[in-house]
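Hi,

Here is the structure I said I would pass on. My notes on the ligand site and one of the helices follow below it.

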Amino acid sequence: MSNQTRVVQLGGLMPFVREWLQERYGAPRLDDLSDPAGVQVAVVGGGAPAGAEQMDALPDLRAIVNFGVGYDNVDVEEASRRGVVVSNTPDVLNDAVADLAVFLVIDVLRGASASDRFVRRGAWAAGERFPLTRDVRGAKVGILGLGRIGTAVAERLQVFGAELAYHSRSPKDASWTYHDSPTGLAEWSDVLVVLTPGGAGTEHLVDAAVLDALGPEGYLVNVARGSVVDEEALVAALQDGRIAGAGLDVFADEPHVPEALLDRDDVVLLPHVGSATTQTREAMGRLVLDNVGAFLERGELVTPVG
Ligand code: 8YV
């Protein structure tokens with residue numbers, strides 16, 4: 001029993017997590033697994049799929065441990081049909097992701113990235129003036145999805161003097177104004193910040209109608225999942241000047257960013273780095289190991305998904 005492989009790595013894991021799993025559990029990658037019998041736990045990350053195909057390959061699988069708070073890459077319905085439980089890495093990344101969301105809000109309002117490009121291309125030295133931008137104080141920021149990270153974003157922006165409101169599936173015990181639809185929230189907002197989970201339930205929640213409600217003075221920030229925004233509609237809205245700009249850390253088909261966005265000065269494009277600090281990624285890795293350990297020792301996950 002002790003020599004039997006009980007943990008396997010699916011795709012998308014960072015090198016240090018792979019090393020930890022290898023050292024502690026001798027966990028091979030699924031492709032290198034010689035005998036799937038007895039493998040109880042599969043660890044996955046980076047949005048790599050954990051669906052029926054992977055589950056079919058592991059007949060004794062009982063738990064899927066996801067490196068990441070979002071688990072739209074895991075087919076949870078299929079897992080529960082098979083009696084397989086799933087965990088994610090909540091809370092430990094709230095601060096890092098919220099910081100980055102606030103950074104994007106400030107960047108779209110103050111044009112920090114655009115003014116950096118302005119200096120680098122020699123426009124300042126040539127005597128041009130960077131246009132005036134907008135205060136964060138007094139800006140109306142709409143939080144689409146007031147979960148753990150959405151709340152952390154709202155708390156931070158309150159300190160900057162922004163006005164806040166939100167939409168979630170239902171009103172929360174929070175002091176900020178609730179809007180009962182994404183369109184209503186967008187209409188009110190100067191900046192709409194997407195913080196919902198991904199997956200089928202939120203696909204294209206931000207569509208052309210929501211973008212039009214945001215309007216020509218409005219900015220979209222997305223640090224959640226690319227799937228939540230209709231990316232074609234977003235590109236069209238930017239091209240037509242129907243919204244003012246966007247700050248994006250996530251995209252529909254990562255790592256591909258729509259060609260049409262690459263040379264626009266009214267968008268800030270980041271390579272999905274919301275949680276990408278050494279401290280936060282290590283905390284996520286430790287939580288992954290805690291989940292694997294707890295499941296193997298007592299058949300329980302520390303942070304099972306809802
Ligand atoms: C990571 C994330 O990009 O936690 C999430 O849901 O999107 C990020 O933290 C990723 O999942 C790490 O593999």
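**Ligand site**

Around the ligand sit G45, G46, F67, G68, V69, G70, L93, R225, H272, S275, R281 and M284, where a residue counts if one of its heavy atoms lies within 4 Å of the ligand. Bear in mind that this is a predicted model, with local features needing pLDDT of at least 70, side-chain atom pairs counted only at pLDDT 80 or more, and totals for chains, interfaces and linings using all residues. Residues are numbered from 1 along each chain as its sequence is written, and side-chain values use heavy atoms, with hydrogens and water left out.

By class, that shell has 4 nonpolar, 6 polar and 2 charged residues, with Gly counted among the polar ones.

For polar contacts (pairs of N or O atoms within 3.5 Å), I have these:

- a ligand oxygen 2.6 Å from a side-chain N or O atom of S275
- a ligand oxygen 2.7 Å from a polar backbone atom of G70
- a ligand oxygen 2.8 Å from a side-chain N or O atom of H272

On its own the ligand has 330 Å² of accessible area, and the protein covers 88% of that (Shrake-Rupley, 1.4 Å probe).

**Helix α6**

Just after α6, G161 has a positive phi of about 85 degrees.

Cheers

Conventions
Helix = DSSP H or I, 4+ residues; strand = E, 2+ residues; numbered from the N terminus. Polar contact = N/O pair within 3.5 Å; in protein donor to acceptor, adjacent residues only side chain to side chain.
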